[in-house]
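Please look at the sequence and the 3D structure shown below, and keep both in view while reading.

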Amino acid sequence: MTTNYVSKADKIFIENIQDILNNGTSTVGHKIRPIYKDGTPAHTIYVNQIVEKYDINKGEFPITTLRPIAIKSAIKEILWIYQDQSNDLSVLEEKHNIMWWRDWEVDNTNTIGQRYGATVKKYDLMNKLLDGLTNEPYTRRHIIDLYQYADFEETAGLHPCAFLTVWSARGEYLDMTLHQRSSDYLVAGHVNKMQYVALLMMVARHVGLKPGVFMHVVDNLHIYDRHIDQAKELLSRTPSEKQPKLILKEGKTNFYDFTLDDFELIDYDPVKPQLKFDLGI
C-alpha cells in the first residue's frame with residue numbers, strides 16, 4: 001500500500017490499526033460485558049489514550065477512504081440525539097430509517113433507556129450550550145456531559161460511548177473536543193468523528209462562528225477479535241487520491257432547522273467493497 005496519503009484521516013487510521021494489532025492488549029481471560037449475537041464473549045485488542053486533531057477550517061476531515069462510511073446515517077443519528085432529544089427507537093427507525101440501535105433496546109420499552117437524547121432533554125443541555133455560546137462565548141464552561149449517574153440508576157441501558165463535548169470559542173472559530181470512553185474502531189470510529197464534526201458545524205453556524213479544530217480523545221480504542229481479518233484487509237488497501245470534505249450549505253442559521261439535506265459530502269471516493277462486521281453488543 002502506498003504511504004503517500006492525501007487524507008490525514010487515512011494516515012492516522014492505518015497507524016492506529018497497526019498499533020492495535022502490534023502493541024494492543026487483549027481482553028481474553030478477563031471478564032467482559034459485550035457479546036456477539038450468538039452469545040459468544042466479544043473480546044477485543046485495544047490501546048488506550050488516543051488523541052486526534054483535525055482543523056476543519058483548513059480542510060482536514062476525519063473520514064477514511066479505505067471503506068465506505070455511512071455519513072448520512074451518522075448525521076441522522078446526531079439529529080436524533082441533539083435535535084429530537086429522544087431515546088425512542090421508533091423515532092430513530094421511522095423518522096430517520098436507522099435500525100442499528102435495536103439490539104440495545106431496554107426491557108421492551110422501545111427505548112434505549114434514559115440515555116443520549118433523553119439525557120440531553122432532561123437537563124436541557126443543547127439549549128444551555130447554544131445560549132451560553134451566544135451570550136458568553138469566552139467562558140470555559142461550555143460542556144455537554146451525557147455521562148449522568150442519576151440516569152444510569154433510573155434505567156438500564158448502554159452507557160454512552162461518545163459522552164462528553166467541550167466547546168471553546170477562538171476568535172471567529174469554534175473548537176470542539178469529543179471525549180469517548182470506548183470506540184469500536186473499524187465499525188464506528190469514523191462514524192462518530194464525522195457526526196460530531198457535523199454537530200460542530202451546526203452549532204458554529206447557530207452562534208455566528210466558523211467550525212475550527214475538532215479534537216477526538218478516545219480512552220479505549222479497540223478492534224474486536226472477529227474483526228481481525230477486516231483490519232488486515234484495510235491495511236492492504238490503497239486510499240483514495242481525493243480529500244473528502246463535508247459542507248454545511250448556506251442559508252439556515254437555527255440549530256433546530258438543519259436537516260440531512262443541508263449537508264453535502266464532496267470528493268468522497270472510498271475503496272469498495274464494503275466490509276461486514278459481527279457486532280459486539
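The largest nonpolar core holds 77 residues, and Y82, W167 and V203 are those with the most contacts inside it. A nonpolar core is here a set of buried Ala, Val, Leu, Ile, Met, Phe, Trp, Tyr and Cys residues joined through side-chain atoms within 4.5 Å. Helix 7 (residues 185–206) supplies the largest share of this core, 14 residues; helices (H or I, at least four residues) and strands (E, at least two) are DSSP runs, numbered from the N terminus. Not counting residues up to four places away in sequence, V203 touches M126, L129, L130, L133, W167, L174 and F255, where a contact means heavy atoms within 4.5 Å.

This is a predicted model, in which local features need pLDDT of at least 70 and side-chain atom pairs count only at pLDDT 80 or more, while totals for chains, interfaces and linings use all residues. Residues are numbered from 1 along each chain as its sequence is written, and side-chain values use heavy atoms, with hydrogens and water left out.

Where is H222 found, and is H222 buried or exposed? H222 is found in strand 7 (residues 210–224), and with 5% relative accessibility H222 counts as buried, a term that means under 20% relative accessible area, whereas exposed means over 50% and partly exposed lies in between (1.4 Å probe, protein chains only). Its side chain reaches the backbone nitrogen of D184 at 3.5 Å. Leaving aside residues up to four places away in sequence, H222 touches I20, T44, I45, Y46, S182, S183, D184 and Y185.

Side chains of opposite charge can pair when their charged atoms come close. A salt bridge is counted where a side-chain nitrogen of Lys or Arg lies within 4 Å of a carboxyl oxygen of Asp or Glu, and by this rule the count comes to 17 salt bridges. The table lists some of them.

| Pair | N to O distance |
|---|---|
| R226 and D38 | 3.1 Å |
| E52 and K193 | 3.2 Å |
| D84 and K95 | 2.6 Å |

In the pair of R226 and D38, which meet in a salt bridge, R226 lies in the loop between strand 7 and helix 8 (228–236) and D38 in the loop between strand 1 (25–26) and strand 2 (44–55), so the pair ties together parts that are 188 residues apart in sequence. R226 is partly exposed at a relative accessible area of 32%, while D38 is exposed at 53%. D38, R226 and D278 are also linked in a network of salt bridges.

E52 forms its salt bridge with K193, and this pair links distant parts of the chain, with E52 in strand 2 and K193 in helix 7, 141 residues apart. E52 counts as buried at 4% relative accessibility, and K193 is buried as well, with a relative accessible area of 2%.

The largest pocket has a volume of about 1300 Å³. Of the 47 residues that line this pocket, W104, C161, D184, A188 and G280 are the closest to its centre. On a 1 Å grid over the protein atoms alone, a pocket is an open set of points where a 1.4 Å probe fits, with protein on both sides within 12 Å along at least five of seven lines, and lining residues have an atom within 4 Å of a point. Helix 7 gives the most to the lining of the largest pocket, with 6 residues.

Technical notes. Polar contact = N/O pair within 3.5 Å; in protein donor to acceptor, adjacent residues only side chain to side chain. Points joined across faces, edges and corners; volume = space filled by probe spheres on them.
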